[in-house]
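Student: I would like to learn how to read an interface and a few backbone features in a model of this kind. Could we go through them one at a time?

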There are 2 protein chains.
Amino acid sequence: MSKPICYSTKAFSAASATSPLSAATIERRQPSASDVQIQILYCGVCHSDLHFARNEWHFTQYPAVPGHEIVGRVTAVGSGVKKFKVGDTVGVGCLVDSCRTCSDCRAGLEQFCTSMVMTYGSIDPHLNAPTLGGYSQSIVVTEDFVLRMPANLNLAAAAPLLCAGITTYSPLRHWKVGPGQKVGIVGLGGLGHMGVKFAKAFGAHVVLFTTSPGKVADGKRLGAHEVVVSTDEAQMAAQAGSFDFILDAVSASHDINAYLNLLKRDGNLTLVGAPEKPLPVAAFPLIFRRRSFSGSLIGGLPETQEMLDFCGRHNITSDIEMIRMDQINTAYERMLKSDVKYRFVIDMASLA
Amino acid sequence: MSKPICYSTKAFSAASATSPLSAATIERRQPSASDVQIQILYCGVCHSDLHFARNEWHFTQYPAVPGHEIVGRVTAVGSGVKKFKVGDTVGVGCLVDSCRTCSDCRAGLEQFCTSMVMTYGSIDPHLNAPTLGGYSQSIVVTEDFVLRMPANLNLAAAAPLLCAGITTYSPLRHWKVGPGQKVGIVGLGGLGHMGVKFAKAFGAHVVLFTTSPGKVADGKRLGAHEVVVSTDEAQMAAQAGSFDFILDAVSASHDINAYLNLLKRDGNLTLVGAPEKPLPVAAFPLIFRRRSFSGSLIGGLPETQEMLDFCGRHNITSDIEMIRMDQINTAYERMLKSDVKYRFVIDMASLA
């Protein structure tokens, strides 16, 4: 495959693990027959963006352009594109391609394909160069990895659905959360606040766990039926053995056994945060009630479209704070202090 | 409820955490209307017996009589007993009663009833005294907690089915192990060797993991299609991402992440050993393939009977070494060195 013709577009990139992000010009491929070219309108700011920009996962190549909660408008389509036309509003999440042939891809679970191409942090097979994310004015993505945005949603507030949304929607669906169930959401941040909204929309009795007494009122506003301050032992003890499912969205080290003990027999706790160090898991909470402890990673393309359509029908979006592109470095510092309710979204017009 | 009339029977008991077990006389209740009196013929020796005799779980009351893999013959039945008659060969496992009314009991999962009465280590509600286990000549058990032994099985070799058998059968059934699946069994001891036999009988491709190169041949004799020496990194790496289910029967601390990484997407690892200290579990092996880590505890009464009937049809028993009752202290020392293939069983006639 010869290298495709490219065009230039504006972006914000990190030159090294210790550099602030700054304006840059990057190259994108001209759309091939199966490609969709998208003018990026909004891009959500995920904690992964910061980990990646600062090489905290030890695989970043520089210059690095983060961003995988992308919403935009189609500006061109390749000759073979069937699902999209110029002017459509579309989304791109954490994935821009995969092998299409393995059992995971055939099951619509492209996030587990060992050849998946991430929106940033992978090698782009077209350009044989690192993929560059959504902190930019334009992106080109093969149509099968482009998602249709519901017409009724606020596009800026919908951007975080592409990662925070699907990351919480997928495990709640996989573990069949629904009416009659008691469901816990641990942590009220970008992921957790979406978890509360989805679990509520699925008809469960929703209990939010937070370390911050100051978030109790907000938790209820977002839809939680109860809010437990997890540092209060009496409040935690009162919930013992009562949950069908717990979604744990905390990335910091924390006592997972305290939450496993809140599950009923056969209950499941799924981790979507990714604590850096292994979590000590005691055998007895698992053995004595046949509980299970799992992980979950975003979602595949079919489920991501299903989630967006669900959000359209139920008018679900993220609670966001809009920023200009040149505020990204300050936003990262505030994110590290959990000073955001509950997701920063970059207005990409500010990059013009 | 007035205290029932009692009778005396011979037993072996520990007088303290540091005493060897020795001959004693204990009291059993005379059978009530719903009780079955059993002459104990054989009793398997479970590692739990040793933990309990030595108060390693910190709840033992002395004098303590261990033993919960009991096979015997019915010597008397109460007036209301319908399922058993004098002369029947029967089994008693880890449980002798439960509340009968909670959701766990109604589901036939009496092992999770918070009021379950263990064969030893609980308070007997009839006598308001500690329950006394199977290292004795006779026991009285309410008929609903007595199991029917298949006529074709060697009774001594069938005794370990009551704990080691059901502990491995239940999770393999719960996680629907069957033909076309690749199943790992970690550890070749009393539990592990039963896990190999059941997984093979269920039609799975069975891979045994052992730290002992000396157990490779025995693992294959017992039915494993492959035996992996888990200290060999190359052998472990060759199995990465290939298992539907892994049953982990190791009670010592060990690297659980090494086994989680062997699971396919959506694979489950269930722990039936109970390591004393929490096991460090890394988030990434769970998240990146949606794997889960669970525990399992023996099985309920209906499933224990199902397991025994299955063993009868498939002629499955434990590989045992028979001992006299007065060899129990030596047997404990050998068990601590894993010097048993694969279960000690006490010939209770030796207590006469």
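This is a predicted model: local features need pLDDT of at least 70, side-chain atom pairs count only at pLDDT 80 or more; totals for chains, interfaces and linings use all residues.

Student: How does one describe the size of the interface, and how many residues of chain A and chain B are in contact?

Tutor: The size of an interface is often given as the accessible area lost when the parts come together. Here the area buried between chain A and chain B is about 3,000 Å², with carbon and sulfur atoms giving 63% of it. In terms of residues, 36 from chain A are in contact with 35 from chain B.

Student: Which salt bridges and polar contacts are found across the interface of chain A and chain B?

Tutor: The rule finds four salt bridges between chain A and chain B, and one of them joins Arg289(A) to Asp104(B), whose closest N and O atoms are 3.0 Å apart. Across the same interface there are 13 residue pairs in polar contact, counting pairs in which both residues have pLDDT 80 or more. On the side of chain A that touches chain B, the elements that each supply at least two residues are helices H2 (103-106), H4 (164-174) and H9 (283-287), together with strands S16 (263-271), S17 (279-281) and S18 (292-295). By class, that side of chain A comprises 21 nonpolar, nine polar and six charged residues.

Student: In what sense do S18(A) and strand S18 of chain B pair?

Tutor: The two strands pair in the antiparallel sense, over three bridges, the strand of chain B spanning residues 292-295.

Student: What should I look for when I turn to the backbone angles?

Tutor: Most residues other than glycine have a negative phi, and most peptide bonds are trans. In chain A, the peptide bond from Lys341(A) to Tyr342(A) is cis, with omega near -10 degrees, and Tyr342(A) sits in the loop between helix H11 (328-336) and strand S20 (343-347). In chain B, a cis peptide bond with omega about -5 degrees joins Tyr62(B) and Pro63(B), where Pro63(B) belongs to the loop between helix H1 (47-53) and strand S4 (70-77).

Student: And where are Asn315(A) and Arg100(B), each with a positive phi?

Tutor: Asn315(A), with phi near 55 degrees, is in the loop between helix H10 (301-314) and strand S19 (320-324) of chain A. Because its relative accessibility is 55%, Asn315(A) counts as exposed. Arg100(B), with phi near 70 degrees, is found in the loop between strand S6 (95-97) and helix H2 (103-106) of chain B. Arg100(B) has a relative accessibility of 37%, and therefore counts as partly exposed.

Student: Is helix H4 of chain B mostly covered or mostly open, and what do its buried residues pack against?

Tutor: Helix H4 (residues 164-174) of chain B is mostly covered, since nine of its 11 residues are buried; among them are Ile166(B), Tyr169(B), Pro171(B) and Leu172(B). The buried residues of H4(B) pack against strands S12 (182-186), S15 (243-248), S16 (263-271) and S20 (343-347), and against helices H5 (190-201) and H10 (301-314), of chain B. Just after H4(B), Lys176(B) takes a positive phi of about 60 degrees.

Notes:
Residues are numbered from 1 along each chain as its sequence is written. Chains are lettered from A and ligands numbered from 1 in the order in which they are written. Side-chain values use heavy atoms; hydrogens and water are left out. Contact means heavy atoms within 4.5 Å. Buried area is the accessible area (1.4 Å probe) that two parts lose on being put together, summed over both. A salt bridge is a side-chain nitrogen of Lys or Arg within 4 Å of a carboxyl oxygen of Asp or Glu. A polar contact is a pair of N or O atoms within 3.5 Å; within protein, one must be able to donate a hydrogen and the other to accept it, and residues adjacent in sequence count only if both atoms are side-chain atoms. Helices (H or I, at least four residues) and strands (E, at least two) are DSSP runs, numbered from the N terminus. Ala, Val, Leu, Ile, Met, Phe, Trp, Tyr, Cys and Pro count as nonpolar, Asp, Glu, Lys and Arg as charged, and the others, Gly among them, as polar. Two strands pair if DSSP finds at least two bridges between them. Buried means under 20% relative accessible area, exposed over 50%, partly exposed in between (1.4 Å probe, protein chains only).
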